[in-house]
Amino acid sequence: MNKKITWQIKKVKLSLLKPFEFNPRRMTEKGMKDLGKSIDKFGLAEPIVINTDYIIIGGHTRYYILKDREEKSVDCYVPSRTLDEKEIKELNIRLNKNIAGSFDFDILANNFELPDLIDWGFEKNKKY
């Protein structure tokens, strides 16, 4: 059994990062635009997850947006040990798939304005 992995935040030159070649997540134009607006307003609120060899495990879209904006460095989560290929694949899927909840639409309807929700990435007639 492998030792428990811990993570630290490290500032890394964007030029050192390498996208994971088997990343199955596809970016949409709308998703890129919504994330870009979020980064414009709040900065990078969630670091990119990388392996010790600078392979991106999670945060590919953030990486591409920052690269297009010619950013020089970015905060990254780095593991305490090198993850093997199977661990990289599993974590990549888990970061994108293991969403532990769903939206409470009554709370959204009663406490948020529809134009704001649309501006923040919701689509008016989409089923969630």
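Select helix H1 (residues 29–42) and helix H2 (residues 60–68). Their axes come within 10 Å and cross at roughly 70°. This puts H1 roughly perpendicular to H2 (65 to 115 degrees). Axes here are lines fitted to C-alpha atoms over the stretch in contact, with angles from 0 to 180 degrees between N-to-C directions. Helices are DSSP runs of H or I with at least four residues, strands are E runs of at least two, and both are numbered from the N terminus.

This is a predicted model: local features need pLDDT of at least 70, side-chain atom pairs count only at pLDDT 80 or more, and totals for chains, interfaces and linings use all residues. Residues are numbered from 1 along each chain, and side-chain values use heavy atoms, without hydrogens and water.

Next, show the side chains at the crossing. On H1, pick Met32, Leu35, Gly36 and Ile39. On H2, pick Thr61, Arg62, Tyr64, Ile65 and Leu66. These make the contact (heavy atoms within 4.5 Å). By class, the contact has six nonpolar, two polar and one charged residues. Asp, Glu, Lys and Arg count as charged; Ala, Val, Leu, Ile, Met, Phe, Trp, Tyr, Cys and Pro as nonpolar; the others, Gly among them, as polar.

Now move to the largest pocket, about 1,600 Å³ in volume. A pocket is an open set of points on a 1 Å grid, where a 1.4 Å probe fits, with protein on both sides within 12 Å along at least five of seven lines; lining residues have an atom within 4 Å of a point. The volume is the space filled by probe spheres set on the points. Select Arg25, Gly31, Asp34, Leu35 and Glu46, the closest to the pocket centre of 43 lining residues. Finish on H1, which gives the most to this lining, with ten residues.

How values were computed. Parallel < 35°, antiparallel > 145°, perpendicular 65-115°, else oblique.
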